[in-house]
Amino acid sequence: MNGNMFRGFSYLMQGFGLIFQPGLRLFLIVPFIVNIGLFALLIVWAKSLISGWLPTLLGWMPEWLSFLEWLFWGIYLMAIVMTLFYGFVAAANLIGAPFYGFLAEKVEHRLTKRELDEELSWRTLVSIIPRTVKRELQKILYYLPRVLGLFVLGLIPGLNLLVAVAWIIFSSWMMALQYIDYPADNHNLSFSEMKQFLSEHRLSSFGFGLVAFGATLVPILNLITMPAAVCGGVAFWVNEREKAGEHNINLDFDTSLSSTKLEP
């Protein structure tokens, strides 16, 4: 498989370094406020699921498997947590899609020093809302049936352990797909072409997606992981394309553009 998993890990760290730079912090503050509200709502929902669903699910378990109740408890709990996780990520990214598309454009401008197609402004931000929301809906339609399939398979005794591993692998793929899609969309790559691009850099994609997935599961850290992962996704896009010889670019993390401001 192509790519390097450890190089993939490094892209999220680059993303955290970028998102705190002057000129980009606005794109951290707005999603942070939105994510706090979503996270609070999901915590309340999680409590109701755990107190209501888990006893019902465990009631389906055959008596001869009762000695493994502790294991099924953990697996079902993981399934609920993953469902909430996908709900949180999908909702947060749908709301923040215009900000993230705009952020990806600014980060790529900073990394490559290429000229922007148009002047960055709030008018530009509003104009990309239809395109970015449509793209988010494409991603939701892509992974929703797969998530539901894994959830159903996770309820079947005997398949639980395999499904737990499949959750991690699929979640890593989805995190890579989610955040590397922003620069790909800015370059007018179709959703299918973007998936093909990730497949051609499979190990790097898995490494980036795995560490992003892990960071998103950590309370508080997950509130800033999303915009950082957008920045990391741009670093992935720029660096992996450069390594593949698709084009030559300057990857210097120069802060000379830090004074770039949003125009009224």
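This is a predicted model: local features need pLDDT of at least 70, side-chain atom pairs count only at pLDDT 80 or more; totals for chains, interfaces and linings use all residues.
Biologist: Where do I start? What does the secondary structure of the protein chain come to?

Modeller: Start with the elements. The protein chain has 9 helices and 0 strands. Along the sequence the pattern reads α-α-α-α-α-α-α-α-α.

Biologist: How much of the protein chain counts as buried?

Modeller: Of its 264 residues, 48% count as buried. Then look at contacts. Among those between residues at least 6 apart in sequence, 82% join residues at least 24 apart.

Biologist: What caps the N-terminal end of H1?

Modeller: Look for a side chain at the helix start. Here asparagine 4 is the cap. One of its side-chain oxygens lies 2.9 Å from the backbone nitrogen of phenylalanine 6.

Biologist: Which residues of H1 are buried?

Modeller: Gly8, Tyr11, Leu12, Gly15, Phe16, Leu18 and Ile19. In H8 the buried residues include Ser204, Ser205, Phe208, Phe213 and Thr216.

Biologist: Why does threonine 216 count as buried?

Modeller: Buried means under 20% relative accessible area. Threonine 216 counts as buried because its relative accessibility is 2%. Threonine 216 lies in H8. A polar atom of its side chain lies 2.6 Å from the backbone oxygen of alanine 212.

Biologist: Now backbone angles. What is the general rule for phi?

Modeller: Most residues other than glycine have a negative phi. Asparagine 188 has a positive one, about 65°, although it is not a glycine. Asparagine 188 sits in the loop between helix H6 (160-186) and helix H7 (191-199).

Biologist: Is asparagine 188 buried or exposed?

Modeller: Exposed means over 50%. Asparagine 188 is at 66% relative accessibility, so it counts as exposed.

Biologist: Where is the place of leucine 177, and what is it in contact with?

Modeller: Leucine 177 is in helix H6. Its relative accessible area is 0%, so it is buried. Beyond its neighbours within four places, leucine 177 is in contact with Lys139, Tyr142, Phe191, Met194, Lys195 and Leu198. Leucine 177 and lysine 195 are 18 residues apart in sequence and 7.0 Å apart in space, C-alpha to C-alpha.

Biologist: Last, pockets. What does rolling a probe over the atoms show?

Modeller: A probe the size of a water molecule shows where empty space is left. The largest pocket here has a volume of about 300 Å³. It is lined by 12 residues, and the closest to its centre are Phe39, Ile43, Val81, Leu84 and Leu217. Helix H2 (26-59) and helix H3 (69-112) are the elements that give two or more residues to the lining.

Biologist: How do the residues of the lining divide?

Modeller: Sort them by class. The lining of the largest pocket has 10 nonpolar residues, 2 polar and no charged.

Terms used:
Residues are numbered from 1 along each chain as its sequence is written. Side-chain values use heavy atoms; hydrogens and water are left out. Buried means under 20% relative accessible area, exposed over 50%, partly exposed in between (1.4 Å probe, protein chains only). Helices (H or I, at least four residues) and strands (E, at least two) are DSSP runs, numbered from the N terminus. A polar contact is a pair of N or O atoms within 3.5 Å; within protein, one must be able to donate a hydrogen and the other to accept it, and residues adjacent in sequence count only if both atoms are side-chain atoms. On a 1 Å grid over the protein atoms alone, a cavity is a set of points where a 1.4 Å probe fits but cannot get out, and a pocket is an open set with protein on both sides within 12 Å along at least five of seven lines; lining residues have an atom within 4 Å of a point. Grid points are joined across faces, edges and corners, and a volume is the space filled by probe spheres set on the points. Ala, Val, Leu, Ile, Met, Phe, Trp, Tyr, Cys and Pro count as nonpolar, Asp, Glu, Lys and Arg as charged, and the others, Gly among them, as polar. Contact means heavy atoms within 4.5 Å.
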